[in-house]
Amino acid sequence: MPMALSQVLLDLRRTNIVERVNRDPRTLGDLTLGIDPQTAMEAINWGQADFDESLENLSSDDRVLLYAYWNQLGHLEELSEAFGQMFGTNRPSEPFIVVDIGCGPFTGGLAFAGQLASHECFDYIGVDRSRAMQRLGAQLAFALESMDDTPRVNCQWASDLHSIVWHAPLSWRPIVVIVSFLFGESVS
């Protein structure tokens, strides 16, 4: 049986993605930010778009928001299940470093945070070529930090692996590398 998402993650997604889309004046009936679901999927190129480019009446941030609205929940569920299987009943007790390559809007960080107790902390390095994805990821990380009883996350955002700044030696801290969505990106 798949692991259910925590109420904290569901609330965070509802308030920062779903309600934001639903409050937008362009969202009416079957139209999400002014476009139908099929056109929305084409606008995000099924997750492989150049999210830093605007498209017709959609800004780059609109396209990322559409991506999160349509795709993030499924990815959160998949990664939460994977982390649940990885940790089993032995939840992480020491500070981890999470490197999320092709991170999108902090999805791996949210799923990882869902595995931790409220007092725990981890370092998150989100690598995504899209600045718009990084912006929404930073907003979601800030929203997570602002909630009560959630893990603490130290975030860093980079456009590629060469841009990562290691602030301290890695020493013997466990590192989790997420590459699940790297394979979904189109290669030019």
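Which residue in β3 is the bridge partner of Ile125? In this predicted model, for which local features need pLDDT of at least 70, side-chain atom pairs count only at pLDDT 80 or more, and totals for chains, interfaces and linings use all residues, that partner is Gln156. Residues are numbered from 1 along each chain as its sequence is written, and side-chain values use heavy atoms, with hydrogens and water left out.

Helices (H or I, at least four residues) and strands (E, at least two) are DSSP runs, numbered from the N terminus. Strand β2 (residues 121-127) pairs with strand β3 (residues 152-158) in the parallel sense over 7 bridges, where pairing requires that DSSP finds at least two bridges between two strands. Gly126 stands opposite Trp157 in β3. Between β2 and β3 the chain crosses through helix α5 (residues 131-146), and this β-α-β crossover is right-handed, in the sense that, with the strands pointing away from the viewer, the path from the first strand over the helix to the second runs clockwise.

The open sheet is formed by 4 strands in the order β3-β2-β1-β4, with parallel pairing. Its edges are β3 and β4 (175-178), each with a single partner strand, so one side of each is left without a neighbour in the sheet. From one strand to the next, the twist averages 15 degrees.

Two packed helices are described by the angle between their axes and the distance between the axes. Axes are lines fitted to C-alpha atoms, for helices over the stretch in contact, and angles run from 0 to 180 degrees between N-to-C directions; angles under 35 degrees count as roughly parallel, over 145 as roughly antiparallel, 65 to 115 as roughly perpendicular and the rest as oblique.

Helix α1 (residues 7-23) packs against helix α3 (residues 60-87) at an angle of about 165 degrees, their axes being 9 Å apart, and the two helices are therefore roughly antiparallel. Their crossing is left-handed, a term that applies if the near helix is turned anticlockwise from the far one by less than a right angle, the right-handed case being clockwise. Residues in this contact (heavy atoms within 4.5 Å) include Leu9, Leu10 and Arg13 of α1 and Leu65, Ala68 and Tyr69 of α3. By class, the contact of α1 with α3 has 10 nonpolar, 4 polar and 2 charged residues, where Ala, Val, Leu, Ile, Met, Phe, Trp, Tyr, Cys and Pro count as nonpolar, Asp, Glu, Lys and Arg as charged, and the others, Gly among them, as polar.

The axes of α3 and α5 come within 9 Å and cross at roughly 60 degrees, and these helices are therefore oblique to each other, with a right-handed crossing. Among the residues making the contact are Ser60, Asp61 and Val64 of α3, together with Ala132, Met133 and Arg135 of α5; the contact of α3 with α5 has 8 nonpolar, 2 polar and 2 charged residues.

For α1 and α5, the packing angle is about 135 degrees and the axes are 11 Å apart, which makes α1 oblique to α5; this crossing is right-handed. Here Val8, Leu12, Asn16, Ile17 and Arg20 in α1 meet Leu136, Gln139, Leu140, Ala143 and Leu144 in α5, and the residues of this contact divide into 7 nonpolar, 2 polar and 1 charged.
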